[in-house]
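Please look over the sequence and the structure before reading on.

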Amino acid sequence: MGLVLRELRILLRSPAETVQSLMFGVLVVALFPLAITPDPEILRQLAVGLIWVVTLLTSLLAAERSLVGDFEDGTLEQMVLGIQPLWLICLIKSAGHWLSALLPLLLITPLLGLMLAMTPSAILWLLASLLLGTPILSLFCILGGMMTLGLNRGGALMLVILMPFLVPPLILGTQWAMTEGQAFYGYLLAGLLSLSLMTLPIATATVARIVVSR
Amino acid sequence: MSFESWAEFAAMGGYAPYVFGAYGITIAVGLGLVIHSLMQQSRWRQKQSQLHADTET
Amino acid sequence: MVWRWFHEWGSPRFFYARSGRLIPIFAALTLCLLSIGLVWGLLYAPADYQQGHSYRIMYVHVPAAILAQSSYAMMAMAAVVSLIWRLKIADAAMQTAAPIGAWVTALALVTGALWGKPMWGTYWVWDARLTSTLILLFLFAGVLAIRQASGPGQSAGRAAAVLAVVGLINLPIIKFSVDWWFTLHQPSSFSITEKPAMPIEMWAPLLVMVIGTYSWFFLVWLMRLRLEIVRREAKADWVQRSFQDEL
């Protein structure tokens, strides 16, 4: 419990970073109509995919900074040596990443949807798919961030490492949103989320031990 | 043989660039990796014998 | 009994001594099978009634595609062994399998593109199999990248090993999701119709090529693995002695 509070306190202390990922989302989405076309028909077709990709990139960008502080001031080492189960700490880290980087983006998704001429029902399904899908992104991003801690070019490395793993949530999420809630994809996405919740914190904990020992 | 002449073989029924391209790239990669492995091996040996020569003198 | 075998082969010295005898066997096997398969497939196999001679690309493309997937599986198995039992050999095996697998995957993609051009009229389509092969290449790239960045040595390989294992679990998930994605978007222009069963004149050379390609993979893998072992154990007595014997 103390850990959760600590994580929250750190997040609240640095709202600048949350604002940064929000700005990133809004700016990138604003670039698309300029780069492609202002035609609402075309934008509407592309909207779900574009917003999903922007969310994915935001998630990747935020991962490094949610771990690097703990790594540099030795907190990570304390956590590995401490009595709390390490997988739980990794789970809390992922939750913190989601709260600080992805939840704010989810909150302004309706705005992004309007920028891309989406209909209200499409926006609702997009939100639902992001709600189920983004926790998977967070879990993987914390795993990737942990792997690249202390390595050169960590950020670019993380994209290379994580891209294949982000494909299934991306596909299932965008499919679910674009079919406006075909139950099949929803179930699969939920299944993927529960599988990730059960396995990834353990993998992240393994990596954390390796990182601390190197 | 399913070709009447060498010319017909070389033409590959009009698909020559694709067929020979694919085979060529495959052979290049296959041989290339073997040769690269052999080269690495001999480079390592050279380095080792140099080390030996250095320690003996 | 099994454990003794496992421990013996897990020791770098034993492995190095024994595996040296396998190299000529694999080399001979590879040379025989691949030269037979290439000549057979290129010259003697009958032309396909639909695709004409362009289908001959199959004899290099299909073995590469099969090997691409199983080389990832073999690499990930080595990763599992190195994570659980911390065998030095397993980590070296994983590290040396990764670049070979990446090359084979790239080869499968390139030959697939060269086959696609005459068949579909374009080098690249976002077809389910092509796409999942591309993602497989990215998986290899990830393992290679993290392995390179972590530096040499067994302990540095552990992060890459975790990545390879997570990838192995994810591989079926990726494959299925790409399949669903494709069936949803499948354009009607090149729907793949069910093909009639291949006659034996066509699949026999394919079988020869597949086995030959596997043999090639083991040959290159063993050569690189043996070099990696003596590199890591360069200070050990047995390496110095075997080196002097060879001189």
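**Nonpolar core**

In the largest nonpolar core, which has 141 residues, those touching the most other members are A:F140, A:V207, C:M94, C:I146, C:L163 and C:A164. Such a core is a set of buried Ala, Val, Leu, Ile, Met, Phe, Trp, Tyr and Cys residues joined through C-beta atoms within 7 Å, where buried means that 20 or more other C-beta atoms, placed from the backbone, lie within 10 Å of the residue's own. With 16 residues, α4(C) gives this core its largest share. Helices are DSSP runs (H or I, at least four residues) numbered from the N terminus.

The model is predicted: local features need pLDDT of at least 70, side-chain atom pairs count only at pLDDT 80 or more, and totals for chains, interfaces and linings use all residues. Residues are numbered from 1 along each chain as its sequence is written, and chains are lettered from A and ligands numbered from 1 in the order in which they are written.

**Chains B and C**

- Chain C has 31 residues in contact (C-beta atoms, placed from the backbone, within 7 Å) with 24 residues of chain B.
- On the chain C side, α4(C) gives the most, nine residues.

**Chains A and C**

- Contacts join 21 residues of chain A to 24 residues of chain C.
- On the chain A side, α8(A) supplies the largest share, eleven residues.
- Beyond its neighbours within four places in sequence, A:V207 is in contact with A:L143, A:M146, A:M147, C:A159 and C:V162.

**Helix α5(A)**

- A kink of about 40° in α5(A) is centred on A:L99; the bend is the angle between axes fitted to the seven residues ending there and the seven starting there.

Notes. Helix = DSSP H or I, 4+ residues; strand = E, 2+ residues; numbered from the N terminus. Contact = placed C-beta atoms within 7 Å. Buried ≥ 20, exposed ≤ 12 C-beta atoms within 10 Å, placed from the backbone.
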